[in-house]
Amino acid sequence: MAGEVVRRPGFLAVAVRVRRPGVWAAGLVLVALAVLAVAAPWLSPYDPTATDTASTSLPPGSPGHPLGTDTVGRDLLSRMLHGARTSLLVGLAAAAITVVAGTLLGALAAAGPRWLDELVARTADVLLSLPMLVVVLALAAVIGPSPGTVILAVAATSWMPVALVARAELHSQRERLYVRAAYALGLSRGQVLWRHLLPGAFPPIASIAAFEVGHAILTESTLSFLGVGVPPNRPSWGNLLTEAQSHLLTGEWYTVAFPAAAVVVTIMAVNVLATAAARGDGRAW
Amino acid sequence: MSVLTLRDLTVDVPGRRVVDGLSLEVGAGRVVALVGPSGGGKSLTARSIVRLHGDGVRTGGRVLLDGTDVLALGPRELRAVRGRRIGYAFQDAAGSLNPTVTVGRHLAETVRAHAAGDPERLGAEALRRCGLDPGTLWSAYPFELSGGQVQRAALALATVLEPELLIADEVTTALDPVTQAAVLDAVRAQAVNEGRAVLLITHDLAVAGRWADEIAVLSEGRLVEHGPAAEVLQAPEAAFTRALVSASGTRREPPAAAPPGDPFRAVRRARRVLRGRARTTVALDGVDLDVGTGESVAVVGRSGSGKSTLVGLLAALDRPDEGAVLAADRDVWRLDGRSRRALRRETGLVFQDAAASFDPRYTVERVVAEALPKGDDRRRVAELLERVGLDPAMAARRPATLSGGERQRVALARALAARPRLLLADEPTTGLDVLAQERVLTLLDDLRREERLAVVFVTHDLRVARRVADRIVVLADGRIVEDLPAAALDTAAHPETRALLTASDPAATFPTFRS
Amino acid sequence: MGPVVLKGFLIRRAATAFAVVVALSALCFALLDVAPGSPAAQILEARNGGRPPAPAAVAALERRMGVDDPLPVRYARWLGDAVTGDLGVSYGSGRPVRDVLAETVPWTVLLTVAATVLSMAGAVAVGLAAALTRRVRLRRGVEAAVFVLGGMPGFVTSLLLLYVFAAWLRVLPSGGVGGPGEPFDVSYLVLPALALAFGHHFGTYVRLVETGVGRLRDAPHVDNARVRGLPRRTVTARHLLRPGMVPFTARLGVGVGGLISGAYATEVIFSWPGVGREAILAARGHDYALLTAIVLVTGLIVVAANLVGDLAVAWLDPRVRLSGGVDGR
Amino acid sequence: AGCGGGDGGGANRDTFTYAIGDEPETLNPALQDEHTDPVTELVFRGLTRHDAANKAVPGLAASWRVSRDGREYTFTLRKGLTWHDGRPLTSRDVRFTLDAVRRAGADAPLSRNFRAVETVEAPDDTTVRVRLSRPFAPLLDALAVGVLPEHVLRGKKITDADFGRRPVGAGPFRLVAFKPGRYAELESFGGYYEGAPKLKKIVIKYVPDDTARLVQLRNGEVDAAHVQPQQAAKVRGDDDLRLEVHPTADYRALMLNMKQPVFADRRVRQALNYAVDRDAIVKSVVLGYGRPATGPLDESPFKIEAPFKLDPAKVNELMRAAGYTRDGNAPWSKGGTPLTFELSTFAEDSLRVAILNVAATQLKQQGFNVVPKPQPKEWVRSHWGDLQAFVVGWGTPYDADSSVFGPFHSSEALDKGGSNYGTYANADVDRALERGRDTMDPAERKRAYADFQRALIEDPPFVWITYLQTLNAVPADLTGPRRRTLGHHGYGFFWNAEKWARSS
Ligand SMILES: Nc1ncnc2c1ncn2[C@@H]1O[C@H](COP(=O)(O)OP(=O)(O)OP(=O)(O)O)[C@@H](O)[C@H]1O
Ligand SMILES: Nc1ncnc2c1ncn2[C@@H]1O[C@H](COP(=O)(O)OP(=O)(O)OP(=O)(O)O)[C@@H](O)[C@H]1O
Ligand SMILES: [Mg+2]
Ligand SMILES: [Mg+2]
Ligand code: NI
């Protein structure tokens, strides 16, 4: 630990301990996925939307189709690769916005004046009560469908859990003595929030963050079927899953298994990174 | 026959061996004081006895309780021993209580866990033994108590089942002399009358001399001296013990009283009411206090008299319910936030509960660095640590792994880092051995001289009060009952002050009687 | 936190709840209005054998239904009826909204409560095990399992449960809540409740318990509790869980809301006659009255759940002040 | 009633339980298309009904006479007809029904079938006289609509929700209970004019999820179920079950928007019809449970042969003739602009999306640059006119007029508020359709619809793809179901349920 670099306090206490092998592995997985996604057009053996009625429902390991084909003969490998582009973009971006916005709103609620607290908390109530469908359709109608809309829509409909967790965590932390000590140093509310409260609330938030990625990837597919943003024809892991829904128990299990595995791997990798970033030394006392 | 036997106990922390072959016996009916320098491994020894192993800490050797090897017990047997046969009062009393559970519940659950009788009755008795009123404190949460009250609650918790062996790790550091005497008398009486063993860990030779039968001195990881209390104190053999005894014996003259400077910080007719979940306390009631530039004021008073509350007001952290806090004659609560923050920056504050005042995620380095004024070189962190007597290598550690005295000094270093003009120190030296304490006090003297630092020093130790203060203020039940120059302390008339003076009479320090 | 504070808090909450309800209903109308689609088209398609209705017919029906009135007019009409207790009729079936709610809401409440209890209990058990075990493999295993559950869309979890328990082991009914002459019993509840409880949210719950408790694992007060010889159960429940549950509890309030609107897939797969399915259909069909009513019911439940969440957080951690706001800083 | 022994799974032999995915909003037949859902089908009966060949045959009416000019119909009701509540069913109920449907206007799309009706009279209890303003050949067909009880509905709106949930009809089964979202319970009606049906009880269970339906079927939680093509193998592998495969008149086709310049040339549209491999689509998308479609009346008695099948040479020939050229694999182009169009459909409908994808790939292979673009239903509803091409579903098994007039007659064009969404206009087609509607003479009608189909072959509005088949799994011991061309979603499977029985 002697080698730990001295940082100016005033930065969010995010100190990734890169020496843990798990962190490296997780980072590598994400980078690899990103590379696969970017290189999808060159790596894919087939056009991901081209059907082939001569080779439908091939199991994984079939010649020419390492992951098999779906019921209309589209190559699953190509679809997975192309799917990574949409899913990683939307999943990571939307989750990042969700977590950042949720945390900030939660922090504002907990650290700000009472009316702000009420405003944020009640807005969360309102959004939690409305079916996502309605919010998203209206949103898309106003700003028009695009991948940006999807990201925005996911963030707009899922920041609330993060915010409420952050808020409760901050509510419980702001009475701690070390927060008082920070005020005694002459720090402003904002500084105390940024240097002490938020990093303290980070571990629980980080533990949700990874799931938000999964949530965003799956929500993206729901949205694409609603015509918001990514066309439902364009492969994404979420779309692959949703399309495969009826095949889960009829033999083509792999049409579900591959995209599901990809989602799970992604959120695991994100989780490892997020916890490494948040844990630092995750003591609460 | 000895209740507790330690054989060749070793304790390793990452990078070094702190306790290196400690052997010690504590007999039934005996109070053994374990003294030693701050950071000397006393607490780690105590933790080893009850088999608490922190992160990265390893223990070797044997711990025998009435002949049974504690280190070899299975989980179930260990549970039966803990709490019932061994009581352990932590040095960090505030941290050792669950903030989400009331004091009463802590007591009751302990009694219930061992099916040892009526929880309410036993719990209330334990509180009373420690000088606490169960009526008001039973349903209080730990964070609603004053420092001394928490400490006594924690001690009550350790002794609620009247265990055969009590390990008391610095359990009276936050207590005024009167309360301290009452509490330790009770502990000692229990040991002597009921034949129980007490391992009393303390840095305070006066305490050791007055309440212990034997003193064991731990230095450099080994027992350097062990013998009857009077012998050790009167004829110390080991060099370390000699240094300790001589340091606590000498009575240094207080520094020449500084000329009263301009009024710097003041409290006017302040009243502060603290509201807990179940009770409301008027912690301060019509308090007036002035602190001038470069002046040093000691605040003394019984535990729970409102000292820490007063500090909170002076620091411009808490708002009085009535009255005002003035800084340079301006009401700080009428200032805008920015000026108030500027004011706080020129005030260094050492909290009574040093451990809890650090962000648990911060390293020592960051803790101190955070307080540095803008533009200050971060190398000052090491310098500050050195000035308070700490190894700068400690900078990379987390406060949670520090010893009690080390934490206090980190807190002091942080308070001084901002180059304050006023230092508010709430019992900042209670966890320090005399040598370390002297070093810190000298540092404060220097600062006062060189930088005209004003100091408000909350302490229960009249010796320290005399040593640092120009003026001494005595608080009782939220009111200032005495405010007089340090030199005039012995002439004080108020009964509260007299009680404190009597209780800390050096004559009582080295009792000549032994039962 | 005396009873006075609590009372003030509750009164304030009641007032804001009212604001939430009004805002929700207005927003619901506005959003439906903005979102593409028309109730008349939906209705006519159903009456037209699933084929798209002719635009002229749609326009005629819209006129007849009054849905081509301006939004404020429609909202005022609805509000006027609503304050007299008349929630209107569902466009699709023409049934009074109140009847639809009476039929579906109890099922939803039943399912939600069961799922919440299950997922809470499960998350606490699993989260604790993961936080406290010293066996790294076990912890990794639990975490992996949790991530698999968390990464799985609801329908996969549901279908797998359906397959294992209903199709393969045949120990539980595969759905519905009982046919004619078959009274409802808990066996119908088991699978949908499991599916809902161990779906997407479960992972976050487990991780919240795990981090909440994990960071307290060697806090001094826990050491102290151990050193007092308290039974493991007490140490865990009172000294680890209670202070460690704050984030989890906060998330739970949200979870209830999520369960209601997120129950769609589960309700479809298990033919559960709940309000989640009704909500989606109403949203699709631009069924203003029905959707608004459902949203209001959900809203009240969410407001109540979050109220309970806030109270629970304050109860769990007495340092939290219900009154909010930071004193004078 | 004799009690058959339960067969272990608790299933009562007298109770026939059928699981289906779709649930109707209302059980009022006047608010449904002719494709009535099973419950409505079982509860109600019309003056006429359809036989196995989808011909109108006597229902509640024992017989009828049609005047020579085809403008007056006189129906004689059967004797002793009763409603499920025991009241007698009379000609006044029929008159009430027809008047109510006609008045329903915008509320009931079905009312379009009665626009030609001028008056309905009930001179005595068993006689109904319907007078038309002009001859309207599909009338008998339209009169298969369930007759509504005047004594229940008088003074109420036809959309009355209460009636929609607790209907009183005169069909073979009486509704005992209807639990939305759960099931409808029906019992055999002793007062039915052909006598009580043999099945004592029918329960229609609403199980929206396909997989769950299959599981319930195989667990014995239901006796029969509507199943999907990919589940057929599982049903066939089960000895206790029998798979009933019925053709439907429900077809899928690519509708082409005539307002798009690309489709101005009929040769392009013909070429498109030669560019899809319908067999491959049937094989892959519906696993063979379908029939290649070549026109809108393939399941009608009026069907004529159409030449459309995959024929690249023909595509080339037609496209060249239309002035397009093609280099290698590049798309057809004319004057440097490639032939490109967007193909859309309801994104929520996985079957249509699959057809869209396969068809798009096939068309691309033939040089048509098709951009597949599914859209949400809500969006499509307000953008019909903007679509370039769209996978539609259409077709009814009943009178040809109701199947083809709406989508192909120019008077029904989208701009005029009709359901001719592609704004197809062809004078020959218009004329043929009018003839088919106005004449009563079967031979003449046959000629008219033959002309109509020939005109469509010349000037195709759609690229016909496939007719769907509907699959139902029933217990092996069920007797009675008869093959008939069914409607949308396979509705109509219960058309002769009053004759069904479980043999033991
Ligand atoms: N986990 C740890 N990692 C590294 N060093 C540790 C750890 N725990 C304790 N130490 C060090 O071991 C030494 C002994 O600690 P201990 O708490 O026993 O001191 P102590 O004698 O009780 O001192 P004090 O009187 O100040 O409380 C200290 O210097 C402390 O910094
Ligand atoms: N939140 C609270 N609610 C109610 N009473 C409180 C609260 N916090 C502190 N008190 C009470 O206020 C009184 C003054 O406390 P304070 O901490 O100022 O005492 P102190 O003089 O510093 O004592 P000590 O020497 O023991 O630290 C005590 O009796 C304490 O129990
Ligand atoms: Mg110590
Ligand atoms: Mg104090
Ligand atoms: Ni359909």
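Is B:S308 buried, exposed or partly exposed? At 30% relative accessibility, B:S308 counts as partly exposed (buried is under 20% relative accessible area, exposed over 50%, partly exposed in between, with a 1.4 Å probe and protein chains only). Welcome to a predicted model, where local features need pLDDT of at least 70, side-chain atom pairs count only at pLDDT 80 or more, and totals for chains, interfaces and linings use all residues. Residues are numbered from 1 along each chain as its sequence is written, chains are lettered from A and ligands numbered from 1 in the order in which they are written, and side-chain values use heavy atoms, leaving out hydrogens and water.

**The magnesium ion**
- B:S308 (OG) and B:Q352 (OE1) coordinate the magnesium ion, ligand 4, at 1.9 to 2.1 Å (donors are N, O and S atoms within 2.8 Å of the metal, or 3.2 Å for Na, K and Ca; water is not among the atoms, so sites may look incomplete).
- B:Q352 is partly exposed too, with a relative accessible area of 22%.

**Around ligand 1**
- The shell of ligand 1 holds 23 residues (each has a heavy atom within 4 Å of it), and B:G39, B:S43 and B:R397 are among the closest.
- Domain 1 (2–249) and domain 2 (264–504) of chain B both give residues to this shell, so ligand 1 lies between them (the bounds come from an automatic or database domain assignment).

- An N or O atom in the side chain of B:S38 is 2.7 Å from an oxygen atom of ligand 1 (a polar contact is a pair of N or O atoms within 3.5 Å).
- For B:G41, a backbone N or O atom lies 2.8 Å from an oxygen atom of ligand 1.

Key. Polar contact = N/O pair within 3.5 Å; in protein donor to acceptor, adjacent residues only side chain to side chain.
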